[in-house]
Amino acid sequence: MAIFGLGSGGHSAKVGLDIGTRYIKMVHIVPTSARLQLANVGFAATPIGSITDGVINNADAIGEAIYQILKVYNFKEKRVVCSLPGRAVVIRQVSLPVGLSDKELKVAAIGEVERFLPFPLDEMEYDYEVLGEIKQGDVKQTSVLFVAAHREAVQRRVEAAHIGGVESVEIDVDPFVMLRSVVEASLFDDQDTFTQTFLLLDLGASASSVSILKNGILRFTRIFGTGGDTLTHAIESGFGAEYLDSERLKKEKGLAFIDEESEFIEIDDETRDVYELIRPHIENLALEIRRSLAYYTSKYRGENVTKIIITGGGSYLKGIARYFEDDLGIPAVHANPLKNMVYIGNESPERVAALVPYMSVAAGLSLRQAPPKIIGRHCLRVSIEPNYEFGSTTQAGNLSA
Ligand SMILES: Nc1ncnc2c1ncn2[C@@H]1O[C@H](COP(=O)(O)OP(=O)(O)OP(=O)(O)O)[C@@H](O)[C@H]1O
Ligand SMILES: [Mg+2]
């Protein structure tokens, strides 16, 4: 079994386990031919300090948190799929001569990417997939997507899940995973958006990512080291406050957008102070997004992004969609990765609805195992452009502790 499971599909529904820097999320989707059933949703804070730069450094603490989620939310299914964050993997598209055998393709792909790897190849897990043919001048080439991560970074995720009491673990890669829930499943009844050129923005805690898709084809992904934590740290240093107090203040008072023209809005001093501390970092994020947009329109001449879809815990920040809409001049909406699913669990639907922005990756992981025939009834499929480009401004797979 390919470790990163690119393009794979199993035959039974497993639990998606998203081990994030700040929150651990679990989703169990049970697809039937009639509908996508959302069987369970679990959630807990990640023990502070147990993940650094996307890599687990305390598998015991994470394992204990996973154990608690399985117990508290009464997960019956104990097989999980988890993923590596984009910042912990190296993803490269390479162009190779056509007509190579599988073995030759592998050797040639490794030859192309090896010098870009942050660790020796024998310390890494890797996988590759043929994306299709591309033309370079008059020459046809085979386009291959190569994905690699440090073995220990992979093993620590597997170890944490096992400590948590799961029966089996499979590994996938974040930037592709959330496309299943946010694009394939949730845009099924919104084909207008699916066929547009849109930008998917994931605002995590330690990083954010931008993906641009056109007509269901993923063309571009970029990861930035700015996330919700950047805003919290700005409040920490501005107020000289502890992390947890700053985090609470951000959630209670944080605003990404203040309509200065509105006579109806009264802003208290603390809200204004928080705003002034976090605003430069939001502007910085918008600048990064603008760079991605400019790059995209220069590569695909004349094609403009017509919508921004925002997900991740950072998208809870009040006014964030309005801010991007205003700053970038493109309509921005919040993603709903659970939109086309029927909740059949025992929690209150309001509680599940309140967790939606967190669940894109976990839902995408659980969908991975859905049988292709059933999934075809509820999802539009995304493919990866043979000229796909992945970029990251953060170093892949730093190992600490
Ligand atoms: N109401 C809110 N206002 C602002 N930010 C919020 C709010 N609620 C949650 N967040 C932020 O969301 C972030 C967590 O989101 P998420 O769970 O998507 O990240 P993660 O998956 O743990 O991190 P990463 O993907 O970077 O490893 C935190 O930075 C948190 O402060
Ligand atoms: Mg995340």
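In the predicted model, two helices, α6 (228-239) and α7 (243-253), each contribute at least two residues to the shell around ligand 1. The ligand is surrounded by 23 residues, of which the closest are Gly20, Thr21, Gly204, Gly228 and Gly313. When the residues of this shell are sorted by class, 11 are polar, 7 are nonpolar and 5 are charged. The shell around ligand 1 is drawn from both parts of the protein: domain 1 (15-186 + 336-392) and domain 2 (190-335) each provide at least three of its residues.

The division into domains was then examined. The protein is divided into domain 1, made up of residues 15-186 together with 336-392, and domain 2, which comprises residues 190-335. A distance of 23 Å separates the C-alpha centres of domain 1 and domain 2. Contact between the domains involves 30 residues of domain 1 and 26 residues of domain 2. On the side of domain 1 that touches domain 2, α4 (174-185) and β17 (383-392) each supply at least two residues. The largest share of this side of domain 1 comes from strand β17, with 8 residues. By class, the side of domain 1 that touches domain 2 consists of 15 nonpolar, 10 polar and 5 charged residues.

Helix α1 was considered next. This helix spans residues 59-72 and thus has 14 residues. From the first C-alpha of α1 to the last, the helix reaches 20 Å, which is close to the 20 Å expected at 1.5 Å a residue. Seven positions of the helix can be named on its buried side, namely Ala59, Ile62, Gly63, Ala65, Ile66, Ile69 and Leu70. The buried residues of α1 fall within an arc of 160° when the helix is viewed down its axis, so they line one face of the helix. Elements that cover these buried residues include the strands β1 (15-19), β2 (23-31), β3 (36-45) and β5 (55-56), as well as the helix α3 (151-163). By contrast, the exposed residues Lys71 and Val72 are carried on the face of α1 that is turned away from its buried side. Just after α1, asparagine 74 adopts a positive phi of about 55°.

How values were computed
Residues numbered from 1 in each chain as written. Chains lettered and ligands numbered in written order. Predicted model: local features only at pLDDT ≥ 70, side-chain atom pairs only at ≥ 80, totals over all residues. Near = placed C-beta within 6 Å. Helix = DSSP H or I, 4+ residues; strand = E, 2+ residues; numbered from the N terminus. Nonpolar A, V, L, I, M, F, W, Y, C, P; charged D, E, K, R; others polar. Domains from an automatic or database assignment. Expected span 1.5 Å × (residues − 1). Buried ≥ 20, exposed ≤ 12 C-beta atoms within 10 Å, placed from the backbone. Arc of directions from axis to C-beta. Contact = placed C-beta atoms within 7 Å.
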